[in-house]
Amino acid sequence: MKLHQLRYLAAVAQTGLNITAAAEKLHTSQPGVSKQIKLLEDELGFQIFVRDGRNLTRVTPAGQQVIDRAVRILREVQNIKRLSDDLKDEERGSLSIATTHTQARYVLPEVIRQFRERYPEVRLHLHQGTSEQIAEMAALDRIDFAIATGSESLFDGYSLLPCYRWHRHVVVPRNHPLARLKKELTLKQLASYPIVTYVFSFTGPSSLHGIFAKEGLVPNVVLTARDADVIKTYVRLGLGVGIVASMAVEQKGDEDLVHIDASDLFPAHTTWIGFRRGGLLRKYQLDFIQLFAPHLTRRLIERAAGASTQADVEQLTAGIEVPLR
């Protein structure tokens, strides 16, 4: 049994049993991947995959146990490499982060500026996408950190730590009737206007629709986008009333818009940072998390990295007061 065979095995499992995709990920040939997996099965004496001709159709029960152990072994190999990298040079390396547009545009710039001042030799890679796209990158081990809000169930195998809470704001042009509102905004008033807001999750019902439904209301959502700047653009065009994250409302640049605090209408959301459980975090990775979420101590982060389940992580963070941004 060889280490590269375990890498091939894990890649095939992570790409949905697609040998071609696994070969591309590993920068090798499809026949080479198939041959090594067959050699591994011959050595073990049982099938890891069920086949239909040349195609892999499913994982056998014994094969799943082998894959689970292979992934753990490869993770420990990566931990050893990271330990070696840290001992050789703590100031160099790379950091790959996947996050949403709102975080990348409005929250991370100052964090990244400080991080770059501290670690100018660390290469940063910032990927933007929906929660589903971020989860796909996480599942394929293409990133070090995921930063998102909600959708926790998509990140199996990740430790998710709470970073800050935020509320929604309603944004309208200065000549809009809601801009002259003297009393607190109500859901009924909001439901009487077309709404422009964020793309809803594809994995479950929209929390926004659920909030309106509790009041017997149906929101008229005329456009959704993943980008708060796009939402504000269409608000300016008169397409509808915008609902955005509070971080996305800027004092400079949004002078033509009126923003209305909607914290009484919608519950607070919590943005989290996640990383693969069982991994060893390098010093600059720990520092990045603390720059992004100063209330998280290094000991807590390291304990979360070594936790067995997300439930264990939540026990570690149960007593923490998460700041409101």
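Start by selecting Leu108 in helix H5: a kink of about 65 degrees lies there, shortly before the proline Pro109 (the bend is the angle between axes fitted to the seven residues ending at a residue and the seven starting there). You're looking at a predicted model, where local features need pLDDT of at least 70, side-chain atom pairs count only at pLDDT 80 or more, and totals for chains, interfaces and linings use all residues. Residues are numbered from 1 along each chain as its sequence is written, and side-chain values use heavy atoms, leaving out hydrogens and water.

Now show all of H5, residues 101-118 (helices are DSSP runs of H or I, at least four residues; strands are runs of E, at least two; both are numbered from the N terminus). Its buried residues include Tyr106, Leu108 and Phe115 (buried is under 20% relative accessible area, exposed over 50%, partly exposed in between, with a 1.4 Å probe and protein chains only).

From Phe115, colour the rings: ring pairs join Phe115, Tyr119, Phe145, Phe275, Tyr284 and Phe288 into a cluster (Phe, Tyr and six-membered Trp rings pair with centres within 6.5 Å; planes under 30 degrees apart are stacked, over 60 edge-to-face, the rest tilted). There are 10 aromatic pairs by this rule. Zoom in on Phe145 and Phe288: the centres are 5.9 Å apart and the planes at 25 degrees, so this pair is stacked. Phe145 sits in strand S5 and Phe288 in helix H10, 143 residues apart.

Next stop, Phe155 and Trp272: with centres 4.8 Å apart and planes at 75 degrees, the pair is edge-to-face. Both Phe155 and Trp272 are buried.

Methods:
The expected span of a helix is 1.5 Å times one less than its number of residues.
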